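Here is a briefing on a two-chain model. Look over the sequence and the structure first, then read the notes by topic.

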Amino acid sequence: MNAVEIRNVTKRFGAVTAVDDLSLDVPTGSVYGFIGPNGSGKTTTLRMIMSIFYPDSGSIRVLGQERHEAAMDRVGYLPEERGLYRKMKVRDVLRFYGRLKNGGDVNGDVDRWLERLGLADWADKRVEALSKGMSQKVQFIAAIAHRPELVILDEPFTGLDPVNLDVLQEAVLELRAAGSTVIFSTHDMSTAEAMCDFVFMIFQGRKVLDGTLADVQDRYGTDTIRVRIEGDATRLQGIPGVERLTDRGQLQELRLESGADSQEVLGAIMSRARVTHFELGRPSLHDIFVRIAGPEAEEASDA
Amino acid sequence: MRKALFVAIRDYNAAVRTKGFLIGLLFVPIMFGGVFIVMKLTEGQGDTTDRRIAVVDHTGVVAPALIEAAERRNESELYDEETGKKVKPAYLMHIVPPNDTDMAAQRLELSDKVRAGELFAFLEIGRDVLDPGDDGDAFRIAYYSENPAFDDTRHWLTSPINDRIRSLRLAEADLDKDTVERLTRWMSVEGLGLLSVDEDTGEVRGGEQDNTAAVLLMPYAMMMLMFILIMAAVGTLVTAIMEEKGQRIAEVLLGSVRPTQLMAGKLLGAIGVSLTMVTIYMLAGVFVAGQVEASDLIPYDALPWFAVYGLAALFMFGAIALALGSACTDPKESQSLMMPMWFLIALPMFVWVPVVKEPVGGLATWLSLIPIYTPMIMLIRIASPVTIPAWQPWAGLVGVILFTAISVWTAGRIFRVGILMQGKPPRITEILRWAVRG
């Protein structure tokens, strides 16, 4: 059973194709990460799932409903562009949003979540008195207080300090544990790696990655060497069998050419510098992202 | 519909439970009634310091009568009968013999005395006022003071001086004053309403003296109420939309309600706000009319039309405001986009006088049949005492309903796209394209 089924969906704005022939299944009970550079079509896809935009062609089923407006009350949505009525009290604004969803009583859930996210003391304060992190947590509660079966969060963790980040990430995993399906978009690859059961990457309106993190990484094989050396990183330039060298400050990342022998490369490194750390592994999601969407990929597609 | 109601209730509460609403509520009557209130309050609050006035009388026969008249006035008019408080200044006049050799020097000397505060003013009565001749200077009564244009004293002087001069002239011509008055009695043309048959009693009634207040005040009051009704709704809507766009609330709402529900809710909320405002004004108006015994001035037969046109106007202008508001991205922009709209709404304020003067004239008739002006102009015509053709209010209503339906539909299409727009404001052509393509 899938919470969301997208079939051959295309959406254009004027001459720009924002989403191009996209198909995607989001299994019920999973945490699905949407990644992709700015302007690649993430938000448009999420808005189409929310029936805020309609696809030009193709179909979308949400929670088993073809006319998914009917399912909208069972979905919680935190848009990227989000805000609250500044003059309203925190509890009132949350009750208002909750009532818009299911018309019923969300008061208990609102209070429980305010308590859970450390906002109980702010419940009767006006929204304008909140700090940025606090209002982000209030917005999160607004999206989930009505116990949605599907939660869609567009960039939920952007701009949070580490403490609040942990609080919200735990809350998202708690939602999954309670049986909800969670879709969220993010620019933070380590968050996606840590939290998502599935990762979906969209680039220039097209699906370029879709699957579990392991599936995705397997496609790229074990082709990445990470080393820490004493001395200048420029010494590692020009090693045979290395396709690309990335200087990450304390760590150097070397991507092997296909068919290159990692042992030979290690030997070459050791002949040039003293190695304090060596690791042979699969590329990180970050690395995969950059390979697909970075300047290197653009050069390749231009060529 | 339930979701639209939730939106409406929130918007209504957000608008009504603010200081701004209360201030707005008080602002209109203060603005329009303030002038009259200030006039009423300051009545009798003028300067009551006695005024010394020098009279230079070249005839030698007018001034004594004038002084007598001033003394009579000083005895009877200075004090309020009820409170015994002095409400007017006494006029203390004295005669100064004319200096025939150098009048200019005498006038300058008296002017200096006025400037020094010794005198309030001085009056010069020309030599030939009893028998006008060719010498303009000699046939003239001149009043010199620091502020001659706004001066009660000068107005008061005119009547006793003329009384005296007239009786002197009549005596000279050996004519009886009463006879002359009877022969030259001035007649004015009275304005009366038409006669009609009372449906209950069968009696012919009417032909009563026309009441200027009813003719002017009621159509004006109706138009103002309609204007306030529209303004309150449009203001509420634009403020709410700007907050939702500015604070990025719109998309959060659209995650829960469809654009049509959101728009319906906002319209209902704003209509609630302006109905609250106008109901308060109407009740206050009826109360005040009752207090000043002017209840019969209220045009009850025009009220159903007011209700119907008012409701249609709210939907019509509300929808237009929503469409324009949703197409703006910041308050400054909304102001410049709303300017032409304000002008359109307010046009009847500039033409109401000719419309009241000629309710069946061409301008009034045609304007009242243009849907956006029907609510205000047709109402003025209905509230005026002149009977307008019975089909016209209905024709106006049909036009208004059609136009309202079109504007709500079009606004819905613009709103759906506009509400999510951020950044660069759309051009008018773009807005029109949204309206056409949806």
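Asp176(B) sits in the loop between helix 5 and helix 6 (177–183) of chain B; helices (H or I, at least four residues) and strands (E, at least two) are DSSP runs, numbered from the N terminus. This is a predicted model, where local features need pLDDT of at least 70, side-chain atom pairs count only at pLDDT 80 or more, and totals for chains, interfaces and linings use all residues. Residues are numbered from 1 along each chain as its sequence is written, while chains are lettered from A and ligands numbered from 1 in the order in which they are written.

- Asp176(B) is exposed, with 11 other C-beta atoms within 10 Å.
- The cut-offs run as follows: a residue is buried if 20 or more other C-beta atoms lie within 10 Å of its own, exposed if 12 or fewer, and partly exposed in between, with C-beta atoms placed from the backbone.
- Between the C-alpha atoms of Asp176(B) and Lys113(B) there are 42 Å; along the chain the two are 63 residues apart.
- Asp174(B) is found in the loop between helix 5 and helix 6 as well.
- Asp174(B) also counts as exposed, with 6 C-beta neighbours inside 10 Å.
- Asp174(B) is not a glycine, yet its phi is positive, near 60°.
- Most residues other than glycine have a negative phi.

**Chain A**

- Chain A has 10 helices and 13 strands.
- Its C-alpha trace spans about 70 × 45 × 35 Å along the principal axes.
- Of the 303 residues in chain A, 40% are buried.
- Among contacts in chain A with a separation of 6 or more, 68% join residues 24 or more positions apart; two residues are in contact if their C-beta atoms, placed from the backbone, lie within 7 Å.
- Chain A is divided into domain 1 (2–213) and domain 2 (222–281), with bounds from an automatic or database domain assignment.
- The C-alpha centres of these two domains of chain A lie 40 Å apart.
- Gln204(A) is found in the loop between strand 8 (198–203) and strand 9 (206–211) of chain A.
- Gln204(A) has a positive phi of about 50° although it is not a glycine.
- Gln204(A) is partly exposed, with 17 other C-beta atoms within 10 Å.

**Domains of chain B**

- Chain B is divided into domain 1 (51–176) and domain 2 (212–437).
- Taken over C-alpha atoms, the centres of domain 1 and domain 2 of chain B are 57 Å apart.

- Axes are lines fitted to C-alpha atoms, for helices over the stretch in contact, and angles run from 0 to 180 degrees between N-to-C directions.
- Angles under 35 degrees count as roughly parallel, over 145 as roughly antiparallel, 65 to 115 as roughly perpendicular and the rest as oblique.
- A crossing is left-handed if the near helix is turned anticlockwise from the far one by less than a right angle, and right-handed if clockwise.
- Helix 3 (residues 63–76) and helix 5 (residues 152–173) of chain B cross at roughly 135°, and their axes come within 9 Å. Helix 3 of chain B is therefore oblique to helix 5 of chain B.
- The crossing of helix 3 and helix 5 of chain B is right-handed. Ala65(B), Leu66(B) and Ala69(B) of helix 3 meet Pro160(B), Ile161(B) and Arg164(B) of helix 5.
- Helix 9 (residues 259–291) and helix 14 (residues 391–418) of chain B pack at about 115°, with axes 10 Å apart. The two are therefore roughly perpendicular to each other.
- Helix 9 and helix 14 of chain B make a right-handed crossing. Pro259(B), Thr260(B) and Met263(B) in helix 9 meet Gly412(B), Phe415(B) and Arg416(B) in helix 14.
- Helix 13 (residues 374–383) and helix 14 of chain B cross at roughly 170°, and their axes come within 10 Å. Helix 13 of chain B is therefore roughly antiparallel to helix 14 of chain B.
- The crossing of helix 13 and helix 14 of chain B is left-handed.

**Where the chains meet**

- The contact takes 17 residues from chain B and 20 residues from chain A.
- On chain B, helix 1 (2–16) and helix 8 (250–254) each supply at least two residues of the side that touches chain A.
- Helix 1 of chain B gives the largest share of that side, five residues.
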